Amino acid sequence: MKELTRRDLLKGSVLAGAGVWVGAESAVAATKSPTIKSPNEKLNVGYIGVAGRGAASLNEISKTENVAALCDVDELKLNEAGNRFSGAQRYADFRKMLEQKNLDAVVVSTPDHLHCHAALWALDAGLHVYCEKPLTHSVEEARRLAKAASRKRLATQMGNQGHSNDGTRRVVELVQAGVVGPIREVHCWTDRPIWPQGIDRPAERPAPPSTLNWDLWLGPAQERPYNPAYVPFKWRGWWDFGTGALGDMACHVCDTAFWALQLRYPTSVEAVGEPRHPESAPKWSIIRYEFPERGELPPVTLMWYDGAKKPPARLAPGATLPENGTLLVGEKGTVLLPDPYGSTFVLLPKEQFNGFTPPKQTIANSPGHHAQWVAACKNRGQHTSPASDFQYAAALTEMVLLGNVALRVGHRIDWDPKKMRATNCSEAEQYLKRDYRKGWEL
């Protein structure tokens, strides 16, 4: 008989109790008798990308779990993290890291264009996955990753950490309790981009830093010369690598409304933005999403604004619109979320809600976004509140990325989610999926 490995036990525990961490629209169930005998056993976690959000995840998860492997295409960043966690194996190529036999889980914190590859291949290796937002770089990748996660039945979580804020859960409760009445209108906005967009590809061809593996940084993206206009941080504005201000922030800013109103696929998306550019996202955009009825819930129009654009001030009577936020406009009042993570709220008009008593709590508090994922990996069955697993996250990401598709085609797209195509716009097809560089095919 084959001897069970530690990974087999951890994977098997999730198979036995699938559904502990599921999206908002799925049935939530906790296993009654987790397979793991010792819930204190530590996970061996590998990190793909160790700076920025990768460093934040590393700092948080390493408080309770083992740092088994570190991967980064920048040797300086890799060695900096490696010096802190000297017992971890170091890699430049995450494909090599995924061959490490003792891993239980991975955290993916790469630029957007590598999310699907790293997460999908980790799932194929039988590993639990935490992946930064947006979940993928294209709509087709979001569908592919959701299917893989469903098939593998491993613990997954997207890094839209506001989903685990207790304040977010209180907003979902009050919206679903009907405190402001039926909601047909939502407005979400951000101060991004805070990096260059709407610009041409640079012509200069400087040599990449000696510590940066440019070929691995490109990964599945088409070949192009290195330029500091891409790395670090500024990659977000380039269509080949990032998803613009919308992709960077909408998985945060729109999340509370998407959850509370039980949204999924829009029926149409229309966008304006300037300048419309083949290489990079616009300096500003305004996007209109139309969602159908969901059972007894009415249709919803969701408006997105970035690049210093905001909704009309009249929609927030008596309040000043912050730099990032959400307005949920109901028949009986409006909910203002004055931060991008939905952690606090203001009911408007304020005088109408003096003495407001919150509805009964129906959604359990979260132990924290990372802790929630770690617990799911171990299948402790301690918490049953909804999480941003890859089923929920893929739907949210698809909604977001359809806005970029509408931006790039330059007119409204009518969306058929079953066929995954724009019924009125054949030119949208080229923006729903990507052509990968040779050797990086999925």
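Setting aside neighbours within four places in sequence, Asp-72 is in contact with Gly-49, Val-50, Ala-51, Lys-77, Leu-78, Tyr-91 and Ala-92. The model is predicted. Asp-72 sits in the loop that runs between strand E2 (66-71) and helix H3 (75-84). Asp-72 is buried, yet has no salt bridge. Lys-77 is the nearest side chain of opposite charge, at 5.5 Å. A polar atom of the Asp-72 side chain lies 3.0 Å from the backbone nitrogen of Val-50.

Ala-51, one of the contacts of Asp-72, also belongs to the lining of the largest pocket. That pocket holds about 750 Å³ of space. Its lining counts 39 residues, with Ala-51, Ser-109, Thr-110, Pro-111 and Trp-235 nearest the centre. Helix H8 (214-218) and helix H9 (244-253) are the elements that give two or more residues to this lining. H9 supplies the largest share, 3 residues.

Tyr-230 is found in the loop between H8 and H9. Its relative accessibility is 1%, so Tyr-230 counts as buried. Leaving out neighbours within four places in sequence, Tyr-230 is in contact with Arg-201, Pro-202, Trp-214, Trp-217, Arg-224, Pro-225, Trp-235, Trp-238 and Phe-241. Trp-235 is also among the residues nearest the pocket centre. The side chain of Tyr-230 makes a polar contact with that of Arg-224. Tyr-230 and Pro-196 are 34 residues apart in sequence.

Distances for the two residues:

| Pair | Distance |
|---|---|
| Asp-72 side chain, Val-50 backbone nitrogen | 3.0 Å |
| Asp-72, Lys-77 side chain | 5.5 Å |
| Tyr-230 side chain, Arg-224 side chain | 2.9 Å |
| Tyr-230, Pro-196, C-alpha to C-alpha | 9.9 Å |

Key
Residues are numbered from 1 along each chain as its sequence is written. This is a predicted model: local features need pLDDT of at least 70, side-chain atom pairs count only at pLDDT 80 or more; totals for chains, interfaces and linings use all residues. Side-chain values use heavy atoms; hydrogens and water are left out. Helices (H or I, at least four residues) and strands (E, at least two) are DSSP runs, numbered from the N terminus. Buried means under 20% relative accessible area, exposed over 50%, partly exposed in between (1.4 Å probe, protein chains only). Lys and Arg count as positive and Asp and Glu as negative; His and the chain ends are not counted. A salt bridge is a side-chain nitrogen of Lys or Arg within 4 Å of a carboxyl oxygen of Asp or Glu. A polar contact is a pair of N or O atoms within 3.5 Å; within protein, one must be able to donate a hydrogen and the other to accept it, and residues adjacent in sequence count only if both atoms are side-chain atoms. Contact means heavy atoms within 4.5 Å. On a 1 Å grid over the protein atoms alone, a cavity is a set of points where a 1.4 Å probe fits but cannot get out, and a pocket is an open set with protein on both sides within 12 Å along at least five of seven lines; lining residues have an atom within 4 Å of a point. Grid points are joined across faces, edges and corners, and a volume is the space filled by probe spheres set on the points.
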